[in-house]
Amino acid sequence: MYNSILVTGASSGIGEATAIHLAHQGFRVFASARRTEKLKEISGLGGGRITPVQMDVTDENSINAALEKIAGEGVKLYGLVNNAGASAMGPFEKLSLPEWRSVFETNVFGLVAVTQAVLPQMRKAGRGRIINIGSLAGRIASPFQSAYASTKHAVEGLSDSLRRELAPHGIKVSVVRPGAINTPFGQHEQEMLAQFEDDYDYGEQVKIFKAWFDRQHPTGPPPIVVAEAVHEALTAERPHSRYTAPKDMTYAVALRNFLPSGLTDRILERVNGLESTRKKKD
Ligand SMILES: NC(=O)c1ccc[n+]([C@@H]2O[C@H](COP(=O)([O-])OP(=O)(O)OC[C@H]3O[C@@H](n4cnc5c(N)ncnc54)[C@H](OP(=O)(O)O)[C@@H]3O)[C@@H](O)[C@H]2O)c1
């Protein structure tokens, strides 16, 4: 029997590519998200191995209903890919608390709720894989990204703790960290940043940063590079704690890990163009 995997946020981008790729690799995939019409389209692309399941990760009743549906098919999940995610971009000072809370609800508490709901069956089986989709922003926080980056830093921390906690139970935990990937996610982020381009206090910085940021997602690799990393994390006998996708972005993490913060700040400013604004203020 195929190992069964639940993918959250499978109606678009990385989750969609992951659901289709895993199905083609022989897994039975439960593809979940809120938009079921999109999921139905995707289920046709998985060689009959994708089952769409409606699930809002911020709604406990919706999570329970989805898991009941999966259990009703006599399936015990081998893997969970926590991919559903949202962003919030803008100056730290100007993003409202509801915007901060909303992104944490999806990216952190949603991930926690789905994982808690799935864990008992994996623990009883004494096997399983949990793949949490983090981000390069979970290691390197750009300006105007504080809300989103802090959710992805939280994913890194909780995944380390969970990996150590679950090792004795035969359950392996990995983080897959995408760099800028060509999905609709980038478009949402650009629209959020655009709201602050005329801001009296931060507008000049936002415009410069946005001009750089706008180029990142459209020129990024397709989501299959992340799907392949997820597949590796699900199938490797000894999966890594972290995968960066695309692999060539690992240099950016090394930069963050080994260089002093001050130097990293200067390099990032040079890359994203904000160096000019610092000079004016210095
Ligand atoms: N694209 C990138 O450059 C990039 C880089 C680093 C990390 N990531 C991470 O990769 C993941 C996927 O991003 P993506 O680029 O594929 O974005 P995307 O194309 O915008 O897809 C986001 C997915 O999350 C789902 N989602 C959002 N809120 C949800 C909720 N409350 N409940 C269930 N599903 C929800 C959406 O489905 P519905 O709206 O249908 O529910 C959609 O399927 C996210 O965790 C993101 O942070 C992306």
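In the predicted model, the lining of the second largest pocket comprises four nonpolar, four polar and three charged residues. The largest share, four residues, is contributed by H10.

A separate feature of the model is the packing of two helices. Packed helices are described by the angle between their axes and by the distance between those axes. For helix H4 (residues 97-125) and helix H5 (residues 146-166), the axes come within 8 Å and cross at roughly 20 degrees. Because angles under 35 degrees count as roughly parallel, H4 and H5 are therefore roughly parallel to each other. The crossing of the two helices is right-handed.

On the side of H4, the contact is made by Trp100, Val103, Phe104, Asn107, Val108, Leu111, Val112, Thr115 and Leu119. H5 contributes Ser146, Ala147, Tyr148, Ser150, Thr151, Lys152, Ala154, Val155, Leu158, Leu162 and Leu166. By class, the residues of the contact of H4 with H5 divide into 14 nonpolar, five polar and one charged.

Definitions and conventions. Residues numbered from 1 in each chain as written. Predicted model: local features only at pLDDT ≥ 70, side-chain atom pairs only at ≥ 80, totals over all residues. Heavy atoms only, no water. Axes fitted to C-alpha atoms, helices over the stretch in contact; angles between N-to-C directions. Parallel < 35°, antiparallel > 145°, perpendicular 65-115°, else oblique. Left-handed = near helix turned anticlockwise from the far one by under 90°. Contact = heavy atoms within 4.5 Å. Nonpolar A, V, L, I, M, F, W, Y, C, P; charged D, E, K, R; others polar.
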